[in-house]
Structure formats: structure tokens, C-alpha cells
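The stops below go from the whole chain to single residues.

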Amino acid sequence: MTQNTRTVACPRCGAPVRWGAESPFRPFCSERCKMIDLGAWASEEYRVAVKGAEEEQDASPAAPKRDAP
Ligand SMILES: [Zn+2]
């Protein structure tokens with residue numbers, strides 16, 4: 001067993017990708033698939049979630065919450 005080549009499926013199109021230096025875009029099969037995935041990532045699918053997280057982080061803790069009687 002000298003071959004140590006693993007193959008994974010491109011998460012974008014399902015094409016087999018050799019897990020090695022020859023596949024710089026792994027786990028994607030190509031730069032195209034990588035960019036498509038990153039594009040979807042940045043544009044729509046995850047935008048809402050990221051925005052929500054941002055808002056949460058952005059909420060200033062300096063807001064005075066006076067609850068005095
Ligand atoms: Zn692909």
C-alpha cells in the first residue's frame with residue numbers, strides 16, 4: 001500500500017477530487033466550483049445568518065438599562 005491518494009467528492013458538483021497538492025482547490029474540483037460556492041456563501045444563503053451575527057456583535061453594551069423603581 002504505497003498509494004496514499006484519497007479522493008473526495010466536490011461539495012459543489014460531486015465530482016471526485018484527488019486530495020493532494022495536485023488539487024489546490026480541494027475540496028472543490030476546480031477554482032470555478034470554489035468560487036461558485038464562495039459566491040453563494042457571501043451573497044445569499046449565509047448572508048442572513050452572518051448579518052444577524054453581526055448585529056448581535058454590534059449591539060453596544062453601553063445601552064443603559066435602567067430599571068429603577
Ligand atoms: Zn466541482
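Among contacts between residues at least 6 apart in sequence, what percentage join residues at least 24 apart? The value for this protein is 8%, where two residues are in contact if their C-beta atoms, placed from the backbone, lie within 7 Å. The model is predicted: local features need pLDDT of at least 70, side-chain atom pairs count only at pLDDT 80 or more, and totals for chains, interfaces and linings use all residues. Residue numbers start from 1 along each chain as its sequence is written.

**Whole chain**

Colour by secondary structure. There are two helices and two strands, and from the N terminus on they run β-β-α-α. Helices (H or I, at least four residues) and strands (E, at least two) are DSSP runs, numbered from the N terminus. Next, colour by burial. Buried residues make up 4% of the 69 residues; a residue is buried if 20 or more other C-beta atoms lie within 10 Å of its own, exposed if 12 or fewer, and partly exposed in between, with C-beta atoms placed from the backbone.

**The hairpin**

Select residues 6-9, which are strand β1, and then 16-19, which are β2. The two strands run antiparallel and are joined by four bridges; strands pair if DSSP finds at least two bridges between them. Which residue of β2 stands opposite arginine 6? Tryptophan 19 does, while threonine 7 has arginine 18 opposite in β2. Move to the turn: β1 and β2 form a hairpin with six residues between them. Glycine 14, in that turn, has a positive phi of about 85 degrees.

Select arginine 26, in the loop between β2 and α1. Show the peptide bond from arginine 26 to proline 27: the bond is cis, with omega about 5 degrees. Proline 27 is in the loop between β2 and α1, and that helix spans 31-45.

Arginine 26 is partly exposed because 16 other C-beta atoms lie within 10 Å. Leaving aside neighbours within four places in sequence, arginine 26 is in contact with Val8, Val17 and Trp19.

Arginine 12 is 15 residues from proline 27 in sequence and 9.1 Å away, C-alpha to C-alpha.

Select cysteine 29, found in the loop between β2 and α1. Is cysteine 29 buried or exposed? Cysteine 29 counts as buried because it has 21 C-beta neighbours inside 10 Å. Apart from neighbours within four places in sequence, cysteine 29 is in contact with Cys10, Cys13, Ala15 and Val17. Draw a C-alpha to C-alpha line from cysteine 29 to proline 16: the distance is 7.0 Å, and the two are 13 residues apart in sequence.

Finish at serine 30, found in the loop between β2 and α1. Serine 30 is partly exposed because 16 other C-beta atoms lie within 10 Å.
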